[in-house]
Amino acid sequence: MSQSLLKAEHVKISFGNVHALRDVSLEILPGEIHCLAGENGCGKSTIIKIISGVYQRDGGTIEFDGKKLEKISPIDAINMGIQVIYQDFALFPNLTVAENLALNTELASRKKTVSWKNVRKIAEEAVAKINFDVDLDEKVEKLSVAQKQMVAISRALMSNARLIIMDEPTTALTKKEVNSLFKIILKLKEQGIAILFISHKLNEVFEISDRFTIFRNGEMVATGSTKDLDDKKFTYYMTGREFNDQIFVPENMSEKPVFELKNLTLEGAFEAINFSLRRGEILGITGLLDSGRTELALSMFGLKPADSGEILKEGTPIKITNPRDAIEHKIGYVPEDRLSEGLFLTQSIGDNIIISEIDKLKKKNGQFDLKKRDEEIKRWVAELEIKTKNPDNPATTLSGGNQQRIVLAKWLACNLDVLILNGPTVGVDIGSKHDIHMVLQKLAKQGLGVIIISDDLPEVIQNCNRVLVIKNGKIRSEYDTQKVSEQMIIDDMM
Amino acid sequence: MKKKVKKIFQSNEPYIFLIIIILGIVVQIRSGQFFTGNNIVDLLSAMIVPGLFAIAEFMALISGGIDVSFPALASLSAYATTKILLDKGYEGNVFLAFLIAVLIGAFLGAINGYFIGYLNLNAMIVTLGTSSIFQGFMQGTLRANQLSVIPQGMKKFGTDSFITATNKVNGLSSVLPYTFLILIIVCALMFFVLRYTIFGRGIYAIGGNALSAHTAGFNVKRTKFIMYIIIGMIASIGGICRVCMMQQCHPTNMLGMEMNIIAGVVLGGVALTGGAGTLTGCMLGTFLIILVQNSMILLGIPTTWSDVFVGLVIVIGVSLTALQSSRTSRSKKKAVKEGA
Amino acid sequence: MNKAKSIYRKNPEVSRLLIIMLLWLIFMMFTQAEKFFTGRNFLTMAGQFPEYGLMALGGMLCMITGGIDLAVVGTANMASILSVYTMIHFFGEDGTMPMAFSVVIFLIAVLTGVVVGSINAFLISKLGVPPILATLGVNEFLTGLCIVVTNGSAVSSFPKQYCDFFSGNFLGFIPRRLIVFIVVAIIIWLMLEKSTYGTKLRLYGTNAHVAKFSGINTTALLFRTYITSSICAALGGLMMLATYSSARADYGSNYTMQAILLIVLGGVSPNGGKGKISGVITAIVLLKMIESGINRFRSVSTYYVTLIWGAVLILALVIDYFSQKPKKTK
């Protein structure tokens, strides 16, 4: 029976009236890959902050390497060998790779001056550990997301890490990059380093981790070996609900297409895109991160107008040169990154909901019809079951899943004919993901034309009736989702 | 090598340098007087106080903050110092003046530093407030008025010649006072601190990502606090230099300079948002504005047009900078795509 | 006590200023009662603040977008100088101007505002220049033009009918300048609270990127904002003209910082996204009261007002800081 590396038992912590963690336990064995999963708000980030010394727990015990931990600071945690790689990597975009790598070491040595020769030496050693080939003099802001992650990992390895904690490391990576990351994680395991990574993607849990732990609402609900886990159990542990995910079967599709693209081209992004969308359909568009799928989405919405080709609405060619044109033609867009593209976080839930249809809420004399505004807000909060006590509260008071619902509400309030969604359930917990899918299916059945752009293949296959695969800016193939398999799509994408 | 050259031309500095040279040539053609020792000395003289202020502001901007109180701070320290020395009938070396001013400046800067560093309040608003407080204190409590006579030591320092250049054509002489050395020394020190000390790298780090700086182990609050103290000290040095060179102490003379100084520093490629910019750029940008202001006569343009041209330079300069940075961000996205 | 607390929290910007105002009025009652609490004193105060009060009202809109308008003083002086030269052109230096011509003067101010505001908005929205730098450069340029046109001196020889009329009182006791201020304040209030513009403005100020994604016409929004600010500034210039009976390139040079002080004191966050006109107006009135009160103390220098402004501003920030719920970090 090997001694655990990290053993947290019955840990709890509260912030004011909010009990972020009620009773969680977490055990990580030396050199294992452990996955911590749970819906947004379940306490995953909180336990990490406690382990790494940023927060102090209110109750329970934590042992690291057999030693009981009392009050530790972030520096203490680092010195013990606990390294955290946050989602934003905590790098300095304006400094070079070399400096980013060496800064922590320089700080720890308590010297007052900087020796650039030393910085370079430290940096070279760091990247050698994972064979990371990069220009050390390049400013970090110029690197790709995957490269930045490599820098963060290299930096984490520099101080004799025993446990590396990664917070949702695969969110912004392409499939290829995820594979590279997993190779590196395995390499780290060979070196005896334990990895705790936070994820809610089931396939990742299965692919890479030895053991898992699942939190729900601040409590630990399951832990064990990944061998004993399956789809259904995972979903049940995460949400406490059982889902029967219905595969989308279109009803009442319109005869004529509501939205068509003819030969749409944007230099450097995509070329000669053709497709048509009928009311009642959910069309899926999938491809790798840099296949042009996001640019296509932005084009259809007017943020990156195409160079040539036509867009037709109900058979008539239309010009879309900015988002307002799109909205006027009843086309809406739910962006990838809802936090930085879809929501005004500090503003009220109500304002977030009505902002895109705001010009329609005017009285005859041009004044803002506040009564109508309030009615609209009430309506959409109810229809999308947004859990809030008061729509005047800022959007930050909501959970991630509910925030995504506000973004949906915003567009639905515009009475659209076509809704384009880019990565609609990225970063959304399983429960809300299911709910959002159900809403989309319902809307399609009510007559909306829906386009889902996503690289989450199960999501695409289950919720769309047709799927287009884009590769290198061109449409590679089109499938009926009832007759296609994930592997076929993957083969086409690569 | 090609990559390095490409990198150089992505930043502002070479462009500003080019413009300065071109302007110089234009003035030379028009007046034949630009590249004379006389004129160069005049320009360098005019650069001293703004240059010191620019160095101070440069630090603030790099850290992601800003300071609009430095003219008021400098005025207050300079006035208080001069008054104290006058009242005591001081006859000695100017060194004491600098010492007293630096101490006062450190104290005043610490006020800024406390609110911005420790309480993390908005730098623009705090320094706006302290600017009023310093001004009000100087003119209200100290009842500052013009001091036409200044201590011997200061006067001497401001007028003794470090370098004299005489124009052979019209016989005019220009004196570059020793205060220029002060500028050189402060500039060199700042360069060293920003490049070779942890404190200096900390300022860049904070400007890049303050949160990460904290997690990395920088004491962000203390760094900012000390930084504003240093800004106060440098600004006060600038104030004393001003008094020495003008041979009198006018309490409100320097007020209102803040915006032009900030404009000059930004023209040199320092980002308002923090984390980016070089000392070279800062000095070049400031020099450009000084150049425009001081070349009016040589170009035969009446000095009433000075603000018009400075305003134009600022507007055109910042427009070009803005266009260039949106261009580089677009090409950055392209490059990343190609690399991925 | 809890009810008081909830009223306070609903409108914190206004509430904290009202508390300070109350304290000041009490202080005035004990020290300067006879001289301060006179109708004449209140009238004088009410006639003087529109100059920078208008600039604060307009500038507030820019700050809600997360920007700033540093061109207010240059715009004001330009409007004032243009008006004076127009009067001279049509009626000669010693002539008489019919009051109806005042309409032309106000039109000049509006036109000046539209032109300057458009230039600012163009630089900011189309070229992406940071507002602080764009408006700074434009201000310098405008001031420079004013200096060239007036040769650096004050222009005081012109038909004075406009000045006499507007420096006077309506119905004998309401300063006409105050009426102009009230009219503009009502218009801005309508813009912010009763039209869709207000919501769009606040949301844009919170996140310009998301605003674009939501279909807000950000270019039109910025143009409307900066033009309104410049028009307000230009009207402020007309008020200065009425008060001083002369025009000069550098009048009101400290009004820029004063306006910003007032806007921030009024609860507008310099990061954008929120602000109420009630806060700004309360701040304007409060500051004028403090200034006036201090003027009454003959032994106290008027410069102390500057000091108090700065101190009150920082005090307001510190109060904000300590009143926020403390977050648990350790």
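Me: Is A:Asn415 buried or exposed?

Reply: A residue is called buried if 20 or more other C-beta atoms, placed from the backbone, lie within 10 Å of its own, exposed if 12 or fewer do, and partly exposed in between. A:Asn415 has 11 C-beta neighbours inside 10 Å and therefore counts as exposed. This is a predicted model, in which local features need pLDDT of at least 70 and side-chain atom pairs count only at pLDDT 80 or more, while totals for chains, interfaces and linings use all residues. Residues are numbered from 1 along each chain as its sequence is written, and chains are lettered from A and ligands numbered from 1 in the order in which they are written.

Me: What is the phi of A:Asn415, and where is the residue found?

Reply: Most residues other than glycine have a negative phi. A:Asn415 is not a glycine, yet its phi is positive, about 55 degrees. It is found in the loop between α14 (400–412) and β17 (418–422) of chain A; helices (H or I, at least four residues) and strands (E, at least two) are DSSP runs, numbered from the N terminus. A:Lys330 also has a positive phi, near 65 degrees, and its place is the loop between α10 (323–328) and β16 (331–334) of chain A. With 18 other C-beta atoms within 10 Å, A:Lys330 is partly exposed.

Me: How do α3(B) and α13(B) cross?

Reply: Two packed helices are described by the angle between their axes and the distance between the axes. Here the axes are lines fitted to C-alpha atoms over the stretch in contact, and angles run from 0 to 180 degrees between N-to-C directions. The axes of α3 (residues 37–62) and α13 (residues 279–294) of chain B come within 9 Å and cross at roughly 135 degrees. The pair is therefore oblique, the class left over when angles under 35 degrees are roughly parallel, over 145 roughly antiparallel and 65 to 115 roughly perpendicular.

Me: Which domains does chain A have, and how many residues are in contact between them?

Reply: Domain bounds come from an automatic or database domain assignment. For chain A it gives domain 1 (6–239) and domain 2 (257–493), with C-alpha centres 33 Å apart. Counting two residues as in contact if their C-beta atoms, placed from the backbone, lie within 7 Å, 10 residues of domain 1 of chain A touch 11 residues of domain 2 of chain A. On the domain 1 side, the largest share, 3 residues, comes from helix α8 (residues 231–239) of chain A.
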